[in-house]
Amino acid sequence: MSDIFKNEVFLAYSTYASIVVLKMMLMGPLTGYFRMTRGAFANAEDARAHGGKDEETRKKLTRTDPDVERVRRCHQNDLENIVPFVCFGLLYALTGPDLSTALLHFRVFAGARIFHTIAYLTPLPQPARGISWIVGMGITFSMAYRVLRMGMRF
């Protein structure tokens, strides 16, 4: 098991997987920030804790906000794309790919996800966000293909 931590491909995977997972984790606090600054809370108890002392004020604060929803959708998209990358990326790293090919996969995916977040939150005009999503998904499918191809030998 200690040999895997000496494997350069596994170390590269660990680095880039950590980067995208941390990026995904930061979306939660960012959602909270947008809720606080926009005064848009999902639950009455949250509205009460942030100034909604009476029922009427709580109702005004318990609402949706377009900016909050944009951050939430970006976070949801991260969950739908980063989790498969982490799973297939680990299996891919264990198939023994060439380091330069693995680095290309990992770096392009991380860059695509970071750009996707920027394109989503800024917002940049389409097709910027769509292209970054397709690039990231393509990387994940490429790794999944190698995993399946290597596994079909059995």
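**Entry 1. Contacts and overall form**

I began with the contacts of the protein chain, taking a contact to mean heavy atoms within 4.5 Å, and I found that residues 24 or more positions apart account for 72% of those with a separation of 6 or more. I note here that this is a predicted model, in which local features need pLDDT of at least 70 and side-chain atom pairs count only at pLDDT 80 or more, while totals for chains, interfaces and linings use all residues. Residues are numbered from 1 along each chain as its sequence is written, and side-chain values use heavy atoms, with hydrogens and water left out.

I then looked up the secondary structure, where helices (H or I, at least four residues) and strands (E, at least two) are DSSP runs numbered from the N terminus. The protein chain has six helices and zero strands, and I read the order from the N terminus as α-α-α-α-α-α.

For the dimensions I used the radius of gyration, taken over C-alpha atoms, and the globule rule of 2.2 Å times the number of residues to the power 0.38. The protein chain comes out at 20 Å, whereas a compact globule of 154 residues would be near 15 Å. Along the principal axes, the C-alpha atoms fill a box of roughly 65 × 40 × 25 Å.

**Entry 2. Surface and charge**

I sorted residues by relative accessible area, with buried meaning under 20%, exposed over 50% and partly exposed in between (1.4 Å probe, protein chains only). On that scale, buried residues make up 37% of the 154 residues in the protein chain. The accessible area, from the Shrake-Rupley method with a 1.4 Å probe and, for residues, with only the protein chains shown counting as cover, is about 9100 Å² for the protein chain, and carbon and sulfur atoms supply 66% of it.

For charge I counted Lys and Arg as positive and Asp and Glu as negative, leaving out His and the chain ends, and I placed each charge at NZ of Lys, CZ of Arg, CG of Asp or CD of Glu. This gave 19 positive and 13 negative side chains, with the centres of the two sets 4 Å apart.

**Entry 3. Cysteines**

How many disulfides does the structure hold? I found zero, using the criterion of a pair of cysteine sulfur atoms within 2.5 Å. C74 is in no disulfide, and its nearest cysteine sulfur, that of C87, is 20 Å away; C87 is likewise in no disulfide, with the sulfur of C74 as its nearest. I also looked up their accessibility: C74 is buried at a relative accessible area of 0%, and C87 is partly exposed at 45%.

**Entry 4. The loop between α5 and α6**

The bond from T122 to P123 is cis, with omega near -20 degrees, and P123 lies in the loop between α5 (99-121) and α6 (128-151). The bond from Q126 to P127 is also cis, with omega near 20 degrees, and I placed P127 in the loop between α5 and α6 as well.

Leaving aside neighbours within four places in sequence, R70 is in contact with Y120, L121, P123 and R129. R70 and T122 are 52 residues apart in sequence and 9.9 Å apart in space, C-alpha to C-alpha, and R70 counts as partly exposed at 23% relative accessibility.

Is V20 buried or exposed? At 0% relative accessibility it counts as buried, and I found it in helix α1 (residues 8-38). Not counting residues up to four places away in sequence, V20 touches I82, F85, F109, A110 and R113; the C-alpha atoms of V20 and R113 are separated by 7.3 Å, although the two are 93 residues apart along the chain.

F109 is also touched by I139, together with H105 and V108, under the limit of not counting residues up to four places away in sequence. I139 is found in helix α6 and is buried, with a relative accessible area of 13%.

Last, I looked up L99 in helix α5, which is partly exposed at 28% relative accessibility. L99 touches E8 and V9, again not counting residues up to four places away in sequence, and the C-alpha atoms of L99 and F10, 89 residues apart along the chain, are separated by 9.3 Å.
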